[in-house]
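Visitor: I'd like to know how the labels for a model like this one get decided. Could you take me through a few of them?

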Amino acid sequence: IRIPDNNITRTIVQKLGHPIMNASLKTEDDLLEYITDPELIYEKYEHLVDIVIDGGYGDYTPSTVLNCVGGEIELIRKGKGIIDFI
């Protein structure tokens, strides 16, 4: 479950009334610009998706990944986001 600190995403989820699926973009080449430049994302993926929302440039900080399966929460990768409850 990804819980972004992003007003666009939160507004969409709120209006829909249910979660949405999203993914980080991986490219077959080394042009990291594709990952965060909305115009390049649109050019590359417009024929594969229904909509691209330009929310400005992203950053390269990975998300924090937690394993919540089992009795205790386990930190898999420390990234963006506060995890003071662990």
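Visitor: Why is I20 called partly exposed?

Guide: Buried means under 20% relative accessible area, exposed means over 50%, and partly exposed is in between (1.4 Å probe, protein chains only). I20 comes out at 38% relative accessibility, so it counts as partly exposed. You'll find I20 in the loop between α1 (7–16) and α2. Its C-alpha is 8.7 Å from that of T9, and the two are 11 residues apart in sequence. Keep in mind that this is a predicted model, where local features need pLDDT of at least 70, side-chain atom pairs count only at pLDDT 80 or more, and totals for chains, interfaces and linings use all residues. Residues are numbered from 1 along each chain as its sequence is written, and side-chain values use heavy atoms, with hydrogens and water left out.

Visitor: What makes a stretch a helix or a strand here?

Guide: Both are DSSP runs, numbered from the N terminus: helices are H or I with at least four residues, strands are E with at least two. By that rule the protein chain has 3 helices and 2 strands, in the order α-α-α-β-β from the N terminus on. At the start of α1, a side-chain oxygen of N6 comes within 2.9 Å of the backbone nitrogen of I8. After α1 comes G17, with a positive phi near 80°.

Visitor: Which residues form the negative surface patch, and what makes it a patch?

Guide: The members are E39, E43, E46 and D54. Patch residues have over 30% relative accessible area and no salt bridge, with like charges joined within 9 Å and nonpolar side chains (Val, Leu, Ile, Met, Phe, Trp, Tyr) within 5 Å. A salt bridge, in turn, is a side-chain nitrogen of Lys or Arg within 4 Å of a carboxyl oxygen of Asp or Glu.

Visitor: Are E39 and D54 buried or exposed, and why?

Guide: E39 has 56% relative accessibility, so it counts as exposed. D54, at 54%, counts as exposed because of that value. E39 sits in helix α3 (residues 38–45), while D54 is in the loop between α3 and β1 (65–67).

Visitor: What is the polar contact of D54 with G56, and how do you know?

Guide: A polar contact is a pair of N or O atoms within 3.5 Å; within protein, one must be able to donate a hydrogen and the other to accept it, and residues adjacent in sequence count only if both atoms are side-chain atoms. A polar atom of the D54 side chain lies 2.9 Å from the backbone nitrogen of G56.

Key
Areas by Shrake-Rupley, 256 points an atom, 1.4 Å probe, with all protein chains shown as cover. Lys, Arg positive; Asp, Glu negative; His and termini not counted. Charge placed at Lys NZ, Arg CZ, Asp CG, Glu CD.
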